[in-house]
Amino acid sequence: MISVLPAVRADRVSADASATAWALAARGGDPDAADHFVRALHGDVVRYVAHLSGDPQTAHDLTQDTFARAFGSLHRYEGRASARTWLLSIARRAVADSLRRAAVRPRIADAADWQTAVERSQPCGLPGFDEGVALLDLLESLPDERREAFVLTQVVGLSYEETAGFVGCPVGTVRSRVSRARATLELLLQEAETPSALAA
């Protein structure tokens with residue numbers, strides 16, 4: 001049986017190299033390169049900020065903020081780290097700033113029954129929606145370091161080495177955090193399935 005993992009890894013390295021080249025070209029004023037740069041990394045940023053913020057509804061605003069910050073500081077980007085790693089570090093700061101702003105400025109609801117209004121505004125009946133909510137709840141139960149390592153490697157798709165460089169710790173620590181996150185998630189899933197199995 002032929003393994004596809006080396007090919008996937010090679011594709012990822014090639015995609016990162018292309019995104020980095022586009023970022024450097026965009027820094028030089030090439031509008032087409034700027035467009036390619038955004039298209040190449042937009043999905044990764046959306047997924048990452050959605051998981052960090054815990055609010056998929058604000059993910060697009062946070063993604064837009066991330067790219068606005070990136071283009072504002074593109075003149076300082078020299079390509080020492082991949083464009084993906086550089087952009088995700090900006091995304092992390094954008095989410096942190098957003099959470100700080102939200103903490104000091106609580107929202108006021110116009111509706112008399114704001115909880116019902118929020119529930120009605122949530123999408124329902126979509127395939128996988130309940131499972132997605134359950135997964136977000138399970139991820140929230142993980143310690144911050146493990147959740148971040150898991151999301152970066154398993155959701156965003158960074159390698160362990162890229163994640164280690166991004167979060168500033170050894171590769172072995174990232175592997176350990178991901179392994180422990182998986183073990184915790186598996187245990188929580190087993191616990192969640194046990195009552196329904198007994199009821200059946």
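1. Is Val 49 buried or exposed? Val 49 counts as buried, because its relative accessibility is 0%. Here buried means under 20% relative accessible area, exposed over 50%, and partly exposed in between, with a 1.4 Å probe and protein chains only.

2. Before going on, a word on what you are looking at: this is a predicted model, in which local features need pLDDT of at least 70, side-chain atom pairs count only at pLDDT 80 or more, and totals for chains, interfaces and linings use all residues. Residues are numbered from 1 along each chain as its sequence is written, and side-chain values use heavy atoms, with hydrogens and water left out.

3. The chain has nine helices and zero strands, so defined that helices (H or I, at least four residues) and strands (E, at least two) are DSSP runs, numbered from the N terminus. Read from the N terminus, the order of elements is α-α-α-α-α-α-α-α-α.

4. Now back to Val 49, which sits in helix α2 (residues 31-53). Leaving aside residues up to four places away in sequence, Val 49 touches Gly 54, Ala 59, Leu 62, Thr 63, Thr 66, Ala 91 and Val 95; contact means heavy atoms within 4.5 Å. Leu 88 is 39 residues from Val 49 in sequence, and their C-alpha atoms are 8.7 Å apart in space.

5. Have a look at the aromatic rings too: the structure holds four aromatic pairs. One of them joins Phe 37 and Phe 67 edge-to-face, at 6.0 Å centre to centre and 80° between the planes. Since Phe 37 belongs to helix α2 and Phe 67 to helix α3 (residues 59-72), this pair ties together parts that are 30 residues apart in sequence. For the cut-offs, rings of Phe, Tyr and Trp (its six-membered ring) pair if their centres lie within 6.5 Å; planes under 30 degrees apart count as stacked, over 60 as edge-to-face and the rest as tilted.

6. Phe 37 is buried at a relative accessible area of 0%, and Phe 67 is buried at 7%. Together with Phe 71, Phe 37 and Phe 67 form one aromatic cluster.

7. Helix α8 (residues 160-167) has Glu 162, Thr 163, Ala 164 and Phe 166 as its buried residues. After α8 comes Gly 168, with a positive phi near 75°.

8. Finally, the chain as a whole. Of its 200 residues, 30% are buried. Among contacts between residues at least 6 apart in sequence, 62% join residues at least 24 apart.
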